[in-house]
Amino acid sequence: YLNDPSDEAIRLTNDDATVSRLSAMQLGYFEDPFVKYFVKRPVRRMPIINRGSHIRSRALDTLVQQFLSLPGPSATSSKKQIVSLGAGFDTRYFMIKSGALDTETACLKHSLSNYFEVDFPENIVKKARIIKQRKELQDVLLQPSSSSPGNNQQEIRLEKGGTELSSFDYHLIGGDLRQWDQVVDRLVAHGLDRNAPTLFLSECVFIYLPPDSATSILKWIERTISDCAFALYEQIRPDDNFGKIMIRNLQMRNIELKGIHDYPSLHHQEQRFLNLGWDHAESVDINTLHDCFLDDQERARIAKLEIFDEMEEWRLLSEHYCVAWAYKADKYKQSFGQQFGLKHKS
Ligand code: SAM
């Protein structure tokens, strides 16, 4: 895969995602005190993009909250780990650690033992540099995650020429997801515990990988981590007019959605987990999340944030993105993905 000319365009999708997150945050869709540190030139996005960023973020945050709130593997340990694949400049670790994602009943950082983020080395170098330059980020990173002794190591280490960064519970790893064996070696070197409950995140990432690479990753997780869950967000429905335009626009930027034709519908997104032996998989599109997951109060709140008259375009766009979630252990049945509304199959 070395020197694939489209890799740079794929890496840059991270800037898009971060600028969009900042735009939605600044308009009041959600709070995120950290995203501003990762954007050099803020741009206000169109209302449909802001709404999309909001719902995507709410849905994924909810899965993270549900995962971290579940009972731990034993009475003595409630520690869990999260692995974010293609994490880019995602701020979720900082949100958890600072308490910004806490629910009424759970202080989430106490359930977290390790948070790993994997992305191309070029993006990790940039993220590590920003963290090293920002006291505000380092202060959050160095907060002890629990009162237990041994968790108070006050150190952030930059390793391998800045392509890796680690503290006692946060690990940035530069690697190529298409070379999964190498990524696994680095995850294990940074402390990935095959026996701890583990949530994997892929937010707009698998879609850029050759389908075989995504399959290898999902197969490895299912076979290796006994207690695992997955949360995924990506594009679907490439074959209607809107889908074709979406693909053509990306091609003009040298970006190919490599996975979209193999997993074009909600049904396919679910089957890819089930065919690999995961116990349960479900998916919904963003319209379903908007209609069934957001409550009336939240829909009324966001309706006031900015003038919004592109309802038809919004419905079309939202049909083309989905959230999928899957798990292997029975304990997830009760809560993981539970509030996401009726199943709407395509
Ligand atoms: N997950 C982040 C978010 O939602 O804000 C970033 C999403 S961005 C659209 C896609 C990310 O996946 C980019 O940061 C890109 O570098 C990363 N990515 C795509 N293919 C990858 C690969 N083969 N290896 C490592 N990272 C990859």
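This is a predicted model: local features need pLDDT of at least 70, side-chain atom pairs count only at pLDDT 80 or more; totals for chains, interfaces and linings use all residues.
Good morning. Two strands are said to pair if DSSP finds at least two bridges between them. Strand β4, residues 164-166, and strand β5, residues 170-174, are joined by three bridges and pair in the antiparallel sense. Within that pair, Glu-164 has Ile-173 of β5 opposite it.

Nine strands form an open sheet with mixed pairing, and their order is β3-β4-β5-β2-β1-β6-β7-β9-β8. At the edges stand β3, residues 157-159, and β8, residues 280-285, each of which pairs on one side only. On average, and with direction ignored, neighbouring strands in this sheet are turned by 15° against each other.

Which strand does β6 join through six bridges? The partner is β7, and the two run parallel.

Next, the helices. The C-alpha trace spans about 55 × 45 × 45 Å along its principal axes, and 43% of the 346 residues count as buried.

Helix α9, residues 266-274, lies across β7, β8 and β9, and runs at about 160° to β8. In helix α10, residues 286-293, the buried residues are Ile-286, Asn-287, Thr-288, Leu-289 and His-290. These buried residues of α10 pack against α2, β8, α12 and β9.

Helix α2 also holds Gln-65. Is Gln-65 buried or partly exposed? A residue is buried if 20 or more other C-beta atoms lie within 10 Å of its own, and exposed if 12 or fewer do. Gln-65 has 17 such neighbours inside 10 Å, and therefore counts as partly exposed. Apart from its neighbours within four places in sequence, Gln-65 is in contact with Leu-101, Thr-103 and Leu-108. Cys-107 is 42 residues from Gln-65 along the chain, yet their C-alpha atoms are separated by 9.6 Å.

I turn to the ligand. It is surrounded by 20 residues, and the closest are Asn-14, Ala-17, Gly-86, Gly-88 and Glu-203. Which helix gives the most to this shell? Helix α1, residues 6-26, does, with five residues. Sorted by class, the shell has nine nonpolar, five polar and six charged residues.

Finally, two points of backbone geometry. Most residues other than glycine have a negative phi. Lys-160, although not a glycine, has a positive phi of about 50°. Lys-160 lies in the loop between β3 and β4, and counts as partly exposed because it has 13 C-beta neighbours inside 10 Å. Asn-254 is not a glycine either, and has a positive phi of about 65°. Asn-254 is found in the loop between α8 and α9, and its 13 C-beta neighbours inside 10 Å likewise make it partly exposed.

Thank you for your attention.

Definitions and conventions. Residues are numbered from 1 along each chain as its sequence is written. Helices (H or I, at least four residues) and strands (E, at least two) are DSSP runs, numbered from the N terminus. Axes are lines fitted to C-alpha atoms, for helices over the stretch in contact, and angles run from 0 to 180 degrees between N-to-C directions. Two residues are in contact if their C-beta atoms, placed from the backbone, lie within 7 Å. A residue is near a molecule or strand if its C-beta atom, placed from the backbone, lies within 6 Å of it. Ala, Val, Leu, Ile, Met, Phe, Trp, Tyr, Cys and Pro count as nonpolar, Asp, Glu, Lys and Arg as charged, and the others, Gly among them, as polar.
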